[in-house]
Amino acid sequence: MGIWRYGRATGPNGDMEQTSETRAVTAMGVFMGEPRGTHVPVLLERCLELLDPALRLPGSVHVDFTLGLGGHAEAVLERYPDVVLVGLDRDTEALAHARHRLIRFGDRAHLVHAVYDELPRVLGELGIPSIHSGLFDLGVSSLQLDEADRGFAYSQDAPLDMRMDQSRGVTAEEVVNSYEPGDLVRVLRQYGEEKFAPRIVQSIVRERAKGRITSTARLAELVKDAIPAAARRTGGNPAKRTFQALRIEVNAELEALEGAVPAALDVLAPRGRLVVMSYQSLEDRIVKRALAARARSTGPIDLPVELPGSGPSLKLLTRSSELPSEAEVAANPRAASVKLRAVERIDEQEQAQKFSKAFGADRERPRSEGKTFGADRERPRREGRASGADRERSGTEGKAPGAGRERSRSAGHPRTGMPE
């Protein structure tokens with residue numbers, strides 16, 4: 001996510017410079033040239049600040065799960081010359097731009113056409129067992145929003161596509177025209193949190209009975225007409241939630257995210273760090289749950305100390321979610337809705353050593369002290385036996401009940417007079 005504008009890379013004679021990367025982009029059917037300096041990555045400095053300790057670890061591997069145009073990735077490679085980058089993106093168009101932008105870093109950058117939940121496969125193919133740093137910049141990329149022919153924007157007329165990966169999958173047009181009414185209502189409610197979902201779907205069903213709905217402008221108009229006038233006065237463009245819902249459905253974004261965050265945490269090395277930026281509540285909720293689950297203890301709550309292996313595996317680096325500053329939003333309006341969360345993987349071996357040092361000796365001391373206490377307890381018993389002997393010696397004085405009973409037995413039963 002960010003602001004961007006691309007230009008045309010030219011050679012020394014002013015002609016279009018054709019490299020292997022630009023030829024790859026051209027082969028996709030649209031030539032875009034090299035993105036110029038107006039791409040503004042969201043919360044760049046804050047992300048680098050949070051990831052800095054992990055990026056300085058020996059042999060650090062950084063994964064950009066949502067490479068996009070490569071703004072965050074380029075900053076990492078520039079500022080940390082020993083870091084190796086693995087960049088993932090399902091959008092082949094964005095990936096071609098990023099290749100052109102990052103080619104100067106050579107074999108330090110591994111760019112892969114993949115969805116972020118495919119990380120285990122990608123790392124396996126690259127022979128990388130673990131990562132030290134990771135960044136998710138979720139949602140729609142600036143390229144996808146700004147290019148009308150991608151069909152993500154409700155403010156521009158374009159074919160109803162909305163696929164992040166245009167090489168596969170169903171389009172928004174297919175969803176709008178082929179889904180059963182009940183399924184459409186579910187999509188709008190679940191992924192768009194649209195309270196007027198039934199009214200919108202009724203409008204869509206009536207329209208598609210007349211003819212196929214194929215354009216973003218027509219769909220946006222249908223949504224607007226279906227929502228009551230009073231509700232349209234606030235909350236921005238009335239089509240916003242419907243377009244969000246269709247985009248999430250088309251790209252299976254939430255399902256991928258639910259698998260991607262745990263997969264990233266599973267391969268995060270000790271003292272490694274992960275930063276996630278989300279742009280709507282459904283994404284943030286998934287991220288929050290995944291991080292919180294590993295940031296709390298699984299041991300019994302009534303124990304005075306944490307048992308080894310039951311403690312949290314993550315340390316939260318942000319209190320709740322961080323919001324952008326006013327200055328950030330002024331410089332990059334698309335950062336307005338971002339929520340940032342960050343965690344660090346706890347070094348469990350280091351934690352175990354600290355546990356042993358802190359509690360191991362202290363735990364032994366009570367046992368040794370107990371033995372001393374036990375010995376001390378023996379002495380009173382010996383003193384008690386000695387006191388009994390004294391009582392026997394002074395039995396005639398009535399001070400030794402035991403001895404008195406012995407004499408009573410020899411003298412006979414007090415009632416019968418018979419020996420006991």
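**Confidence, annotated residues and a helix pair**

This is a predicted model, and across the protein chain the pLDDT averages 81, with 73% of the residues scoring at least 70. Residues 361–380 have a pLDDT below 50, and beyond near neighbours in sequence that stretch makes 3 contacts in the model. Residues 382–420 are also below 50, although for this stretch the model has 18 contacts beyond near neighbours in sequence. Where pLDDT is low, the predicted coordinates should not be read in detail.

Let me turn to the annotation. An unreviewed UniProt entry lists G70, G71, H72, D89, Y116, D137 and Q144 under "binding site", and from this set G70, G71, H72, D89, Y116, D137 and Q144 are part of the lining of the largest cavity. As for G70, its place is in the loop between β3 (61–64) and α3 (71–79).

Finally, the helices. At what angle do the axes of α10 and α12 cross? For α10, residues 216–226, and α12, residues 240–251, the axes come within 9 Å and cross at roughly 125°, which means that α10 is oblique to α12. On the α10 side T216, L219, A220 and V223 take part, meeting T242, F243 and L246 in α12; by type, the residues of this contact are 5 nonpolar and 2 polar, with no charged residue.

Conventions: Residues numbered from 1 in each chain as written. Predicted model: local features only at pLDDT ≥ 70, side-chain atom pairs only at ≥ 80, totals over all residues. Heavy atoms only, no water. Axes fitted to C-alpha atoms, helices over the stretch in contact; angles between N-to-C directions. Helix = DSSP H or I, 4+ residues; strand = E, 2+ residues; numbered from the N terminus. Parallel < 35°, antiparallel > 145°, perpendicular 65-115°, else oblique. Contact = heavy atoms within 4.5 Å. Nonpolar A, V, L, I, M, F, W, Y, C, P; charged D, E, K, R; others polar. pLDDT = per-residue confidence, 0-100. UniProt positions renumbered as here; feature names shortened; annotations may be inferred. 1 Å grid on protein atoms, 1.4 Å probe; cavity = no way out; pocket = protein on both sides within 12 Å on 5 of 7 lines; lining within 4 Å.
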